[in-house]
Amino acid sequence: MGYEVRRVRPDDWATLREVRLAALADAPYAFASTLENESGQDEQRWRERIGRDTYFLGWDGGRPAGLAGTFRQQDGDWHLISMWVSPQARGTGLADELVDVVVRHVRGQGAANLLLWVADGNDRARDFYLRVGFRSTGRRQPIRPQAPELGEEQMSRSLAAERQSTS
């Protein structure tokens, strides 16, 4: 099944909000933020988020079915953030398409590495990330300061190494 993946524009703020809140409701253990925190944010905050970070939505016909975002750190590495696929679209290849779009985007920006954090116990996501080329860095941290018992592991995908192996 093919999905359409499009970059989120400022006028898409309401759709981004809808999908992000669905992700937080579906998998509250997997994100550093909470549904309670983000559901109260106004239009201006969502537009600011789109202006600061780059997001992509995966569409199934006329419905949004997945989300992935990215941002550049000051050290030049990029982070994959807000990755989520709706339960109905899991196992269909949409997650692969979302990661591929993010990888193409950050490569176009000269990225050498793409990093992410995956929550402990989110084995399906961790297995997926391993399958698409991410490896553990060995770094760990609490997923939220207010919930230090919930941890997450950093993973990295070396885009520079991939460029060298294809040249």
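This briefing covers the fold, surface and selected residues of one protein chain.

The model is predicted: local features need pLDDT of at least 70, side-chain atom pairs count only at pLDDT 80 or more, and totals for chains, interfaces and linings use all residues. Residues are numbered from 1 along each chain as its sequence is written, and side-chain values use heavy atoms, with hydrogens and water left out. The protein chain holds six helices and seven strands. Helices (H or I, at least four residues) and strands (E, at least two) are DSSP runs, numbered from the N terminus.

**Overall fold**

- Read from the N terminus, the order of elements is β-α-α-α-β-β-β-α-β-α-β-β-α.
- The radius of gyration of the protein chain is 15 Å, close to the 15 Å that the globule rule gives for 167 residues, so the chain is as compact as a globular protein of that length. The radius is taken over C-alpha atoms, and the rule is 2.2 Å times the number of residues to the power 0.38.
- The C-alpha trace spans about 45 × 40 × 35 Å along its principal axes.
- Of contacts between residues at least 6 apart in sequence, 62% join residues at least 24 apart. Contact means heavy atoms within 4.5 Å.

**Burial, surface and charge**

- Of the 167 residues, 46% count as buried. Buried means under 20% relative accessible area, exposed over 50%, and partly exposed in between (1.4 Å probe, protein chains only).
- The chain exposes about 8800 Å², and carbon and sulfur atoms supply 46% of that area. Areas come from the Shrake-Rupley method with a 1.4 Å probe; for residues, only the protein chains shown count as cover.
- There are 23 positive and 24 negative charges, and their mean positions are 3 Å apart. Lys and Arg count as positive and Asp and Glu as negative; His and the chain ends are not counted. Each charge is placed at NZ of Lys, CZ of Arg, CG of Asp or CD of Glu.

**Aromatic rings**

- The count comes to two aromatic pairs. Rings of Phe, Tyr and Trp (its six-membered ring) pair if their centres lie within 6.5 Å; planes under 30 degrees apart count as stacked, over 60 as edge-to-face and the rest as tilted.
- The ring centres of Y129 and F134 are 5.7 Å apart and their planes are at 70°, so this pair is edge-to-face.
- Both Y129 and F134 are buried.
- F128, Y129 and F134 are linked into a cluster by ring pairs.

**Residues in strands**

- R139 sits in strand β6 (residues 135-144). R139 is partly exposed, at 48% relative accessibility.
- R139 and Q154 are 15 residues apart along the chain, and their C-alpha atoms are separated by 5.4 Å.
- Beyond its neighbours within four places in sequence, R139 contacts W117, E152, E153 and Q154.
- S82 belongs to strand β4. S82 has a positive phi of about 55° although it is not a glycine.
- S82 counts as buried, at 11% relative accessibility.

**Residues in loops**

- D77 lies in the loop between β3 (63-72) and β4 (78-85). D77 is buried, with a relative accessible area of 17%.
- D77 and A111 are 34 residues apart in sequence, yet 6.2 Å apart in space, C-alpha to C-alpha.
- Not counting residues up to four places away in sequence, D77 touches F71, R72, N113 and L115.
- Q41 occupies the loop between α2 (35-39) and α3 (43-52). Q41 is buried, with a relative accessible area of 14%.
- With neighbours within four places in sequence left aside, Q41 is in contact with R17, W46 and R49.
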